[in-house]
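Welcome! Please take a moment to look over the sequence and the model below before reading on.

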Amino acid sequence: MLSALLLIPFFGALGLLCWPGELATERIRRAALALLGLQLLWSLRVLLAFDPGQAGLQLQESFAWVDSIGLDYRLGVDGLAMPLVLVNAALTLVSGICTRDLSQRPRLYFALLLTISGAVNGAFLSENLLLFFLFYELELIPLWLLISIWGGANRGYAATKFLIFTAVSGVLILGAFLGLSLFTGQADFSINPVTTAQLGMGTQLALLGALLIGFAIKIPLVPFHTWLPDAHTEASTPVSVLLAGVLLKLGTYGLLRFCLGMFPEAWALLAPWLAGWAAVSVLYGSLAAIAQRDMKRMVAYSSVGHMGYILLAAAAATPVSMLGAVFQMVSHGLISALLFLLVGVVYRKTRTRDLEVLRGLLNPERGLPFTGTLMILGVMASAGMPGMAGFISEFLVFRGSLAAFPVATLLCMVGSGLTAVYFLLLVNRAFFGRLAVTPPSGDAVADSRLEVRLPAVALRETLPALALASGVVGLGVLPWGLGKLSEQATTAMAQLPALVAAIQGGGLLS
Amino acid sequence: MRPIPRSPKPPLTFSGGLPSSDDLVETLLAGRTLLAESPDHLSQVVDVLESYGEVLDAYSINLIYQAEKQFLNPFPVFRFLDGDHSPAKIWRHLLHDRINFEYAEYCQKAMLWHGTGGLDAYLDSEAFAANCAAIVARKTRRDPLLAALNPLFPQFLCELIRSAATTHALGQFWRVMSDLFLDLARAERDGRVDSIATVVTFIKEGLVAAAGAPITYAVEIGGTSFWVLPPEAGLTFLGDVAVPYVEAVFLRGTPFLGTVSFNAQAQQISPDQAQFMYGALYADPLPTMGSGIPPSLLMQDMYRHLPERLRDRYLAGIRGDGDMRVKICMSFQKAMFCVTNAAIAGTFPHPLTTQAPGEQAANRAHAAAWAARLCVARTDCLDDPG
């Protein structure tokens, strides 16, 4: 069943590339959307088959692939991966839908989109470290191509920077996985905390450190974040949606699954430092967002800040904080995708994202009132306003982490307050006041008389954002569904350090 | 696959010209129109004035109804129904399937508050106070609530009567203007009006024809008729109502809340009312339909009565029906410059063809006084963007 989540996008991509004859862009787009729709439906089918009452991996599929190097094709899904698989399917579909006016190479574009989606599914479902790494690296090149071919004016620089950073991330992760095999003397690349417990603490810390930095680049956490704002700024809207909504989650997923999941003892040792790192990341991301004048960079820096919450939650590793981490991954996926979509609409209509230029976009007749309304909803959700997804996730993270790391949690709460600051700056500058889409000329009278003629936003352009906004509100009002889905897995994960300690002490074996 | 070449994107902004005060003086003295001459301008102005005429007809009927039938009514809940209290009318009213009479009240309050011209002078006169005393004495005999209020707030009922007098006067003014604008539309259809210049001339002649028409107002209380604005006051259409209306609504206006916040304590609003520049000729059409923007109500009303030709023109725009009210407001502002143009032309102290230096100087002073106010108005709308 799980293999279909890989086969649909991969064979779909292959089919699109190899289909004989000329195909009109719209036909290619429709075919890709059909495949992505099918992937979403299949993900929902997996959800129906998934038993949330079980903590472990389910619906497992496996066969030996390259036995000699320990590379097995083993897939499984648990309460941590299931929501992310759904988010991946939904957001890739949204990316496909909001891809319009594709001027070149539509086949390649949609094939890359499908490849990324399949690779992300593979990474979330892998039960084998090498298989995970394979998929983790597989999404790298398509994303690099998506930025460097369909990106903005500085796309070459941004794409190369992204490639270098994430390639280093991949090297570190692969190094850690190979190191694990080397030090344990086993060619077993299954995810098993008991294996790592056999290692000395120094070795564990070294391997965990490599993994941490590898995933910190991907998430990204300060100071490994510099590739993200550039990549977002140059990427097209659908790619930004995918990048923020799905691909960053590979890093946080890796953090929970491999760092915490495989090195629980070393993780517990590093936890206070990690909480501090989270606070720095949150505060830095938030303060940097305040200083931005490009709307997209502001949203990108908000991502840097909000990813810090997940590190805080993972550092605390309590059942509540772990559940909060999953909520944060999902809600950040939806909210940041929503915000990037809306920034994309603003850019398409006004040809600028400059907060020093844009004014009054909420103008009911000549502006982008519905886009502005959704933007206000999005920023409220991001700032953790009750009734929306951001509140549930931040509340759970803070509630679960406060007892363990009160100072770091309080600092992260300040970061949450700063989210309101920079997003209110954004809304106030770009959406309130008299409508303007050109830089001030210096003559206030002339500026106040400028007639603005923005094209209207069609309903079909707003529908993806509306769907995401519904998800944000839906998750905020009815969080129990996701909670039920992940609670067993996250609770089990929170108990890993104690479990491993008990096993080592012979408590469970005797 | 080769990239698909994209058509050049249309400009997102348009900036009209801003003529200087000297340019405006020369334009006025040469008898040229303020609004650029173009077929598009002609159809916009005539059509928007036609819809305005329809709306003014409703405003006028309602204001006169309010002044006469809702006189000193402390709770005028049904004042917008023009006396028709049928369930169907009330239902339509509740569903807001109606004209926004609130805008008429807004203009009336602006007139009352700015208080310029002969009407305001009469409202502060002894004769008016005597009329008020007689009306209040009669009214309080039959109305216990007013009888209780009057001794406590002796100026309250007088102020309400002043307000009612302005309401009635505005109703009479708009009656004339409504007929004039509807006649203009007919004249354009007949071919008698075929340019902006002839539009201005048509309006000027209409204003001049009505200039001396008397403005009077009487109310009936308990079967007895009382004059509020008696014929003896000598109030006339042009000098006592039209000019104060132009001053209050076209020029001064009120600094309503909207996209701009005003801080009166920081002197952002002039303490001298005469310096106000918030009227129709200064208004920014772009925020139309934003909250707290009263002209939005007028634009909604005109939208209900838009002639087909103008509607089709608007629908052909980049936003179609989406920004119709802003476009109406833009056309309306052009039309108001034409009306102002007609008012200026009709009030020159001497014919523009005069050769006498003294008369020429007087005309120039008249034009310069107007130009000084108009050069900071929204003259950017006078160009034809094509």
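Keep in mind that the model is predicted.

## Where the chains meet

Let's begin with the contact between the chains: 25 residues of chain A touch 23 residues of chain B. On the chain A side, the elements giving two or more residues are helix 18 (444–448) and strand 3 (451–452). By type, that side of chain A divides into nine nonpolar, eight polar and eight charged residues.

Strand 3 of chain A also pairs with strand 1 (residues 13–14) of chain B, in the antiparallel sense and over two bridges. Here you can find Val452(A) opposite Thr13(B).

## Two helices in chain B

Now turn to helix 11 (residues 295–304) and helix 13 (residues 324–346) of chain B, whose axes are 9 Å apart and meet at an angle of about 100°. Because angles of 65 to 115 degrees count as roughly perpendicular, helix 11 of chain B is roughly perpendicular to helix 13 of chain B.

The contact residues of the two helices comprise eight nonpolar, two polar and one charged.

## A residue in chain A

Finally, look for Ile149(A), which sits in helix 6 (residues 140–150) of chain A.

Conventions: Residues are numbered from 1 along each chain as its sequence is written. Chains are lettered from A and ligands numbered from 1 in the order in which they are written. This is a predicted model: local features need pLDDT of at least 70, side-chain atom pairs count only at pLDDT 80 or more; totals for chains, interfaces and linings use all residues. Axes are lines fitted to C-alpha atoms, for helices over the stretch in contact, and angles run from 0 to 180 degrees between N-to-C directions. Helices (H or I, at least four residues) and strands (E, at least two) are DSSP runs, numbered from the N terminus. Angles under 35 degrees count as roughly parallel, over 145 as roughly antiparallel, 65 to 115 as roughly perpendicular and the rest as oblique. Ala, Val, Leu, Ile, Met, Phe, Trp, Tyr, Cys and Pro count as nonpolar, Asp, Glu, Lys and Arg as charged, and the others, Gly among them, as polar. Two residues are in contact if their C-beta atoms, placed from the backbone, lie within 7 Å. Two strands pair if DSSP finds at least two bridges between them.
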